[in-house]
Amino acid sequence: MTKLADIDWDNLGFNYIKTDFRYISTWKDGKWDKGQLVTDNKLLISEASTALHYGQQCFEGLKAYRTANGNIQLFRPYENAKRLNLGARRLLMPEIPEEKFVDAVLQVVRANEGYVPPYGTGATLYIRPLLIGVGDNIGVGAAPEYLFSVFCVPVGPYFKGGMTPVNFTVSDFDRAAPYGTGAAKVGGNYAASLYSYHLAKKGGFGDCIYLDPLTHTKIEEVGSANFFGITWDNEFVTPKSPSILPSITKYSLLYLAKEYMGLKTAERDVCIDNLQEFKEAGACGTAAVITPIGGIHYKDKLHVFYSETEVGPITTKLYNTLCGIQFGNLEAPTGWIIKV
Ligand code: PLP
Ligand code: COI
């Protein structure tokens, strides 16, 4: 095994550090080049790049996990490849062949093996692929060239404390429009969320909850994660909407809740005025993993689910099942794990 980097693995947050190698590939004259690993973490691009002016870019987030025997594995990377291509199509960018995407991720993880946190610390290697429009362009239109880049950063929990309950507040603002780009992982959605995030943090909350942009009555997302609730009769429920990001973690939990835990499951509307239908609630995503929701602040009231300090039993079991698979302690459904 490669020597591990000198990092305080137990106290990692979700912060950028430069690792040794990243992958970069260029699309020009209608095709992708072979791509290569480079050491420089700066991109030199035209000042007229569409990514800078018109937000023509999309990105992904996935993780590499160190297993108990020291091996490294990826969780469902082909799903990230598919979702990146959904964003590429939506913003008129060239798609990345799925094999090229996964190969780039594998190359980056292998080249930075010493940054994959040791098993047992709970930390992981977060991988950030991005696709951006570059080149000389000034009118609103698709870029003449594109860069596909993949870098990685060792990370700890996204929300402070990891598997401890966090309170969230409902935002008056939207992150996406009803028929906009909410389902694509494009930078514009995140730019639109920065101010609401700032207000939520200022109010002492972990992040904000977005409601559906058309009626403002239904839960959409929990900041950079999807929402789930457990009803009093043990149904795993998660919102269905065309303007939320289709979370790979959420779809994994829908499967695991049903097939591994025997729960009923539903993707349906979740009304902000009916939070009492849930005994437990959580946020789920690659960065958030599963973050239990202590309470939701809405119209000057805090609705507390299971507890503001303790984690409910079903949320705990979902977390253990998901992490058991991701870290290689539980048998995964076919095709979910790719060995590095
Ligand atoms: N929703 C938003 C807005 C996100 O940024 C993310 C993170 O990727 C998620 C949900 C969770 O998606 P996933 O589970 O695929 O990481
Ligand atoms: C992820 O979970 O991968 C995300 O994209 C969250 C993030 C924007 C930090």
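Tutor: Sorted by class, the shell around ligand 1 has 7 polar, 3 nonpolar and 2 charged residues. Here Ala, Val, Leu, Ile, Met, Phe, Trp, Tyr, Cys and Pro count as nonpolar, Asp, Glu, Lys and Arg as charged, and the others, Gly among them, as polar. This is a predicted model, where local features need pLDDT of at least 70, side-chain atom pairs count only at pLDDT 80 or more, and totals for chains, interfaces and linings use all residues. Residues are numbered from 1 along each chain as its sequence is written, while chains are lettered from A and ligands numbered from 1 in the order in which they are written. The chain averages a pLDDT (the predictor's confidence in each residue, from 0 to 100) of 96, and 99% of the residues score at least 70. For the model, ipTM is 0.97 and pTM is 0.95.

Now the names. Around ligand 1 you'll find Gly61, Glu221, Ser224, Ala225, Asn226, Leu245, Ser247, Ile248, Thr249, Lys250, Gly285 and Thr286, counting a residue as near if its C-beta atom, placed from the backbone, lies within 6 Å. Helix α6 gives the most, with 3 residues.

Let's follow α6 onward. Helix α6 spans residues 248-259, and its axis comes within 10 Å of the axis of helix α7 (residues 313-326), crossing it at roughly 110°. Axes are lines fitted to C-alpha atoms, for helices over the stretch in contact, with angles running from 0 to 180 degrees between N-to-C directions. Angles of 65 to 115 degrees count as roughly perpendicular (under 35 is roughly parallel, over 145 roughly antiparallel, the rest oblique), so α6 and α7 are roughly perpendicular to each other. On the α6 side, Ser252, Leu253, Leu256 and Ala257 make the contact, and α7 answers with Leu318, Thr321 and Leu322; contact means C-beta atoms, placed from the backbone, within 7 Å. By class, that contact has 5 nonpolar, 2 polar and no charged residues.

Notes: Helix = DSSP H or I, 4+ residues; strand = E, 2+ residues; numbered from the N terminus. Contact = placed C-beta atoms within 7 Å.
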